[in-house]
Amino acid sequence: MKTKFTTDTKLASEIAYFENINLKLESGDIIDSFKLAFKTYGKLNADKTNAILVCHALTGDQYVAGNNPITGREGWWSRMVGPNKPIDTNKFFVICSNVLGGCAGSTGPKELQNGSDVAYGGNFPSITIKDMVKAQSLLIESLNIEKLFSVIGGSMGAMQALQWAIDFPDKILNIIHIAGALKHSAQNIAFHEVGRQAIMSDPIWKNGKYFENNEVPERGLSVARMIAHITYLSENAMHRKFGRKLQSRDIISFGFDADFQVESYLRYQGKSFVERFDANSYLYLTRAMDYFDHDETFRKNIEFSHNPNNHLKYLIVSFTSDWLFPTIESKMIVNQLNSLSREVSFLEIDTDKGHDSFLLEEPQLDDVIKGFLTNNFVKIDE
Amino acid sequence: MNKINSIRKDWSLIETLIAQDRKILDIGCGDGGLMEQLENNRNAMTHGIELNRDLAANAIARGFNVVHGDAELDLSQYSNNSFDYVILSQTLQAMMKPKDILSELLRIGSKAIVSFPNFGHWKIRLQLLISGKMPVTESLPYTWYDTPNIHFFTIKDFLNLCNEMNIVIEKSIGLTSKGKQFDISESVTGVNFFTHEAIFLLSYKNFEPIKIKSSKKVFAKNSVIAN
């Protein structure tokens with residue numbers, strides 16, 4: 001396999017080109033060539049034993065730490081990844097790639113179709129979590145890393161971590177699976193569907209061809225983001241943050257302006273999201289999450305895997321107030337692994353911050369991730 | 001590697017009951033102290049369950065395989081005979097259904113190690129006799145209304161239960177309140193009077209395939225054979 005690497009200065013990101021590789025997708029479609037935008041942090045050690053792949057969530061990107069040139073803000077997990085942070089880049093070599101189907105430089109609906117000057121748009125093939133992981137595994141291979149020390153992710157990132165454990169257990173030593181599940185639940189699919197309908201009913205969407213007129217279905221995409229954002233919080237956290245407080249006014253307006261702070265906050269979330277995310281990408285990635293389902297197959301896949309997976313360590317973390325990926329879903333993974341006598345650790349962290357807790361200040365999450373990585377790394381180093 | 005001196009006396013006694021290179025489940029493992037000791041001194045492969053969130057987090061952060069959960073609800077997920085030893089140290093008296101837990105221990109493990117404070121100790125008997133109030137001692141330091149210990153039992157009670165459940169006591173160690181150690185089976189008279197803390201190594205006696213009840217209502221596939 002020949003992989004070409006370049007640096008995109010505008011994106012401040014490395015790009016790996018996989019040409020004539022005929023990536024077969026789970027749907028049966030084939031992408032003949034594709035590219036992945038990725039960032040690395042820290043240094044790969046001489047034995048190449050300290051590489052960690054961080055998988056981003058639905059609207060994340062490769063800018064896990066440092067500056068994100070698209071938003072002009074800090075990377076999405078900069079509180080977790082960096083020198084002396086829980087995922088310590090003084091010790092570990094951290095890789096994060098924009099997923100296949102994403103919109104931060106990797107091949108996705110926003111990018112030009114191979115050999116043409118038109119973007120994919122709605123012609124992009126349907127992709128799954130398995131496809132994303134397959135593409136990532138090619139990236140890791142092209143970086144000449146035989147074995148990742150760890151694959152870490154929350155939410156959609158957790159789905160990828162679990163998929164790594166199923167598909168490439170021989171290429172990893174452990175996974176840290178945060179706020180995830182064996183399957184995307186009916187309720188989660190329902191919320192995604194409302195988001196997609198919001199995008200697709202925006203007249204500017206035009207069957208995914210909005211880019212032809214340099215337009216963006218802003219209304220639809222921002223509504224999708226607003227709905228999704230509610231599901232990432234919890235009732236208590238919302239109440240604590242906003243209550244019924246009014247926004248820039250002392251009395252209610254008897255109209256439909258953003259009277260309440262929570263409305264204003266959601267509108268802001270929607271608006272800023274539109275500036276950084278592609279509507280078609282949102283459709284494809286939410287679909288990929290919907291299709292994720294290892295409910296019936298996980299145990300069998302682990303028990304009868306043709307790649308050896310007995311060595312794998314699993315750290316499963318959930319949050320008490322996460323109603324999108326509730327603790328019970330994490331416990332199903334833990335139960336199945338325990339029934340197979342696998343090396344699994346599980347912690348439910350007590351917080352009111354909802355699904356988004358993994359991105360926020362949660363000292364216990366920091367401690368557990370740091371300790372799990374450090375102590376297990378010592379064990380392989382011995 | 002340096003041998004770690006056990007923090008608790010019963011840990012070092014538990015260690016003496018365990019062979020090298022075995023797979024162990026520690027129920028109520030705290031922050032992993034006993035697991036660490038057994039990994040270092042017995043080259044054990046350890047798993048743990050801990051109900052307390054902060055202790056479980058500490059254990060995981062120290063690199064141990066620990067599941068944050070409730071033994072009374074979560075033991076059913078483990079397969080039959082998936083561990084060489086299952087350890088229940090100082091917690092049987094705090095369980096809602098001690099008998100069920102005991103049979104779960106021997107379903108999951110080939111052997112079980114159970115330690116508990118003896119309610120038949122003379123100090124406890126004396127306290128109840130003289131003061132007429134529920135005893136409060138070093139090993140049972142809680143008041144009756146504020147105690148996690150909901151099932152009090154004596155060595156005699158425990159031996160009767162084992163007998164009823166066809167459980168073999170392979171080894172039993174008693175500790176007096178002064179920390180003197182003795183073999184419970186050899187000193188028949190006064191055992192229940194002087195034993196402050198007891199540690200038992202248990203297994204099943206039957207050579208016949210036996211039915212084991214679990215919350216999943218599955219039956220043990222293989223015969224459980226006492227070594």
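Let's start with helix H1 of chain A. Eight names to look for here: Ile129(A), Asp131(A), Met132(A), Val133(A), Ala135(A), Gln136(A), Leu139(A) and Ile140(A) are buried in H1(A). Keep in mind that this is a predicted model.

How far apart are the end C-alpha atoms of this helix? They are 20 Å apart. H1(A) covers residues 129–142, which is 14 residues. At 1.5 Å a residue, the helix should span 20 Å, so the two values agree.

Now the strands of chain A. Take E13(A), residues 172–178. Is it mostly covered or mostly open? Mostly covered: six of its seven residues are buried.

Which strands does E13(A) pair with? One is E12(A), residues 148–154. The two run parallel, over six bridges. Within that pairing, Ser150(A) has Asn174(A) of E13(A) as its bridge partner. To get from E12(A) to E13(A), the chain goes through helix H2(A), residues 156–167. This β-α-β crossover is right-handed.

Another partner is E14(A), residues 313–319. Again the sense is parallel, with five bridges joining E13(A) to E14(A). Look for His177(A): opposite it, in E14(A), stands Ile316(A).

Last, chain B. How many helices and strands does it have? Eight helices and eight strands. The chain has 227 residues, and 39% of them are buried. Now take its contacts between residues at least 6 apart in sequence. Of those, 62% join residues at least 24 apart.

Conventions
Residues numbered from 1 in each chain as written. Chains lettered and ligands numbered in written order. Predicted model: local features only at pLDDT ≥ 70, side-chain atom pairs only at ≥ 80, totals over all residues. Helix = DSSP H or I, 4+ residues; strand = E, 2+ residues; numbered from the N terminus. Expected span 1.5 Å × (residues − 1). Buried ≥ 20, exposed ≤ 12 C-beta atoms within 10 Å, placed from the backbone. Contact = placed C-beta atoms within 7 Å. Pairing = 2+ DSSP bridges. Right-handed = clockwise from strand over helix to strand, strands pointing away.
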